[in-house]
Amino acid sequence: MTIRIAMTVNGTEYARDVEPRLLLIHFIRDELGLTGSHWGCDTSNCGSCVVWLDAKPVKSCTLLAAMADGHAVRTVEGLEQDGQLDPVQQGFVECHGLQCGFCTPGMMMTARWLLDHHPDPDEAQIREAISGQICRCTGYENIVRSIRWAAEHPAGASAEHPGEAP
Amino acid sequence: MQVPAHVEYERATSVEHALSLLSRPETRVVAGGHSLIPMMKLRLAQPELLVDINGLAELAFIAKDGGQLRIGALARHADLLESAVAGTHFPIFHDAERVVADPIVRLWGTVGGSLCQADPSEDLSAAFAAARATAVIRGKDGERTIPVRHFHLGPYETVIGRGELLAEIRVPVKPGTGSAYEKVSRRVGDWSIAAAGAVLTLNGGKIQEAGIGLTAVGAEHFVAAEAEDYLRGREVGEDTFNEAAKIAAEHCHPAADQRGPEDFKRHLVAELTARALRRAAARVTRESTA
């Protein structure tokens, strides 16, 4: 049995017939082909699947797509605006915030949310914000630096000095 | 790949609508879903129908109403953590919420969902039990209330029957009260190895009422009733707190598991109970001198 659901993803309206048991992460990846959001631990521990539901980051492996019916979803593909990387994305470039990149989309969605609410977070606040997300490569140091870089360069790299690290 | 089994899905448009949907057997409420959906993936839960109550804004509130703090079942963990009125009267809830899962899960998981999940390792059950909170349950014939101390029938089991919904939690606010929650876990965001919450109401240096909640250590109704009895009427003091902590550790029933052996957990109960009592008492003093 399927149900009809519709939601806005990164500003585009999508409607699909889905099984109610379909998880939001699989809807985004398999139905919409937006594979930037990663499907990791499947147990809501790792945070690779974090996307925004309306204005809040959520672990999309632990939500049904049906629960997002009528809502707005934002994925990592929605961070870039008019060809300009979000400062968070630029920060990960500047500070080498990723190695394998698997956790990166979720990290960046959480970082964007953090900076929207706390534009000038200290290291402890950054570490707390990403404490529900697991990175197996970086030891988190460069992720924290990347998010700090974004905080210090709210306009992104264009008006600043590319390559400058805090 | 973990995927839930086939399930039907309905979105409740009002509490009444939810109640009528919930009258069907094998139906579960989904709000945050952060416990239920993982259980469905593992077939530990296999409901035939999910009733999504996320649209019921009337259940998402936190407010002080006369002598009570009222918390709607759909209030998110993050809402409780950020609630100034909750933090002023019951710092224990802020202490506990700070260590519930992680910040992303807290944005979506609900207070009512935590209570209804009835996981023996869940933090809020002990915190609400310590605060002698009351659960307000709605059914088609109206509303009934039950002390949180009698809300849980056992692991993953509550008094909520078919066709019923937890609507809110009410916590009595009393002057001269301080509270705290102390938890030890293996790593950030993990379940407790053990945790203790304390709510003390003082009157002229004497303990008028004491509530002690214990998490993950097999305490009946999540409380240390014998330690509470010991404290009532006694003078506030280090020796008193240590004795109560010892009693709490003696009377709980921790199970040895991957989080540690039984004696270690009893040691934690004693230490965390003493710390929680100390902090709760200090918070009363700070409040009354402020």
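Biologist: Where does Thr215(B) sit in chain B?

Modeller: In this predicted model, Thr215(B) belongs to strand β13, which covers residues 206-215 of chain B.

Biologist: Buried or exposed?

Modeller: Thr215(B) counts as buried, because its relative accessibility is 0% and the cut-off for buried is under 20%.

Biologist: Which residues does Thr215(B) touch, leaving out those up to four places away in sequence?

Modeller: Pro120(B), Ser121(B), Glu122(B), Asp123(B) and Ala126(B) are among them. The list also includes Tyr181(B), Ser192(B), Ala194(B) and Ala195(B).

Biologist: Switching to the interface. How many residues of chain B are in contact with chain A?

Modeller: 30 residues of chain B, and they meet 33 residues of chain A.

Biologist: What area do the two chains bury between them?

Modeller: About 2500 Å², with 66% of it on carbon and sulfur atoms. On the chain B side, Ile104(B), Leu107(B) and Trp108(B) lose the most area to chain A, together 24% of what that side buries.

Biologist: And how many salt bridges between chain B and chain A?

Modeller: Three. One of the salt bridges joins the side chains of Lys41(B) and Asp42(A), at 2.6 Å from N to O.

Biologist: Which elements of chain B give two or more residues to the side that touches chain A?

Modeller: β1 (8-11), α2 (36-41), β3 (49-52) and α6 (103-108). Of these, α6(B) gives the most, with six residues.

Biologist: How do the residues on that side of chain B divide?

Modeller: Into 17 nonpolar, six polar and seven charged.

Conventions
Residues are numbered from 1 along each chain as its sequence is written. Chains are lettered from A and ligands numbered from 1 in the order in which they are written. This is a predicted model: local features need pLDDT of at least 70, side-chain atom pairs count only at pLDDT 80 or more; totals for chains, interfaces and linings use all residues. Side-chain values use heavy atoms; hydrogens and water are left out. Contact means heavy atoms within 4.5 Å. Buried area is the accessible area (1.4 Å probe) that two parts lose on being put together, summed over both. A salt bridge is a side-chain nitrogen of Lys or Arg within 4 Å of a carboxyl oxygen of Asp or Glu. Helices (H or I, at least four residues) and strands (E, at least two) are DSSP runs, numbered from the N terminus. Ala, Val, Leu, Ile, Met, Phe, Trp, Tyr, Cys and Pro count as nonpolar, Asp, Glu, Lys and Arg as charged, and the others, Gly among them, as polar. Buried means under 20% relative accessible area, exposed over 50%, partly exposed in between (1.4 Å probe, protein chains only).
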